[in-house]
Amino acid sequence: MTTPFTVANYFAAHAKVASTMNLDHFQAGIDLIRSKFDAGKKIFTCGNGGSASTASHYITDWNKMINLATGRKFRGISLCDNIGAITAFANDISYDEVFAGQLKSMMDEGDLVIAISGSGNSPNVVKAVEYANANGADTLAVVGYDGGKLLPLAKHHILVPSFDMQMCEDIHLMFGHMVMKTLCNNDIKIINLD
């Protein structure tokens, strides 16, 4: 028997899932991203579907807001945003290679690859992490469900232990906001164009 949807029940479900998460892993993920930012390394994100949107959202926020708050360059790249590259790899090689193929041309040793997946089992995201691990990059899996293949594969992970995809996607996006607030020292400048 499922609980009927209400706004109150949705927020209650968030609170219940939050109470089961390892917050130390969230902090470790934030600290890892800060260390890569401080070292001037590139930070790549990737995912499919809603996770692709989250990957893009992370980089949009981090590139813009962290620079506005600190004056420093955040070297973020979403592997989901170049539709020409994605379709070229998918058409000419395999959809499984759309992220790893891009990493082969841009990633350097010491960079960070953030892999976002509700299930943790997306083949193209798994291949990106495998490539990054084998070529001297750090990897952070932002996953839901039971973590899937990415949980043990990535060097670091953040797990939202829920089989509700919307819950996972909400909290994955919240992690991006936590990173932004931390790296901006909670000094988020609002640009008013009026």
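Trainee: Which helices each supply at least two residues of the lining of the largest pocket?
Mentor: This is a predicted model, where local features need pLDDT of at least 70 and side-chain atom pairs 80 or more, while totals for chains, interfaces and linings use all residues. Residues are numbered from 1 along each chain, and side-chain values use heavy atoms, without hydrogens or water. A pocket is an open set of 1 Å grid points that fit a 1.4 Å probe, with protein on both sides within 12 Å along at least five of seven lines, and lining residues have an atom within 4 Å of a point. The suppliers, both DSSP runs (H or I, at least four residues), are H1 (7-18) and H8.

Trainee: Which helix gives the largest share of that lining?
Mentor: The pocket holds about 310 Å³ of space. Of its 13 lining residues, Thr3, Asn9, Ala13, Asp164 and Met167 are closest to the centre. The largest share, 6 residues, comes from H1.

Trainee: How do H2 and H8 lie to each other, parallel or oblique?
Mentor: H2 (residues 23-38) and H8 (residues 165-183) have axes, lines fitted to C-alpha atoms over the stretch in contact, that sit 10 Å apart at about 50 degrees. Under 35 degrees is roughly parallel, over 145 roughly antiparallel, and 65 to 115 roughly perpendicular; the rest is oblique. So H2 and H8 are oblique.

Trainee: Which residues of H8 make the contact with H2?
Mentor: Contact means heavy atoms within 4.5 Å. From H2 come Phe26, Gly29, Ile30, Ile33, Arg34 and Phe37. They meet, on H8, Ile171, Phe175, Met178, Val179, Thr182 and Leu183.

Methods. Axes fitted to C-alpha atoms, helices over the stretch in contact; angles between N-to-C directions. Points joined across faces, edges and corners; volume = space filled by probe spheres on them.
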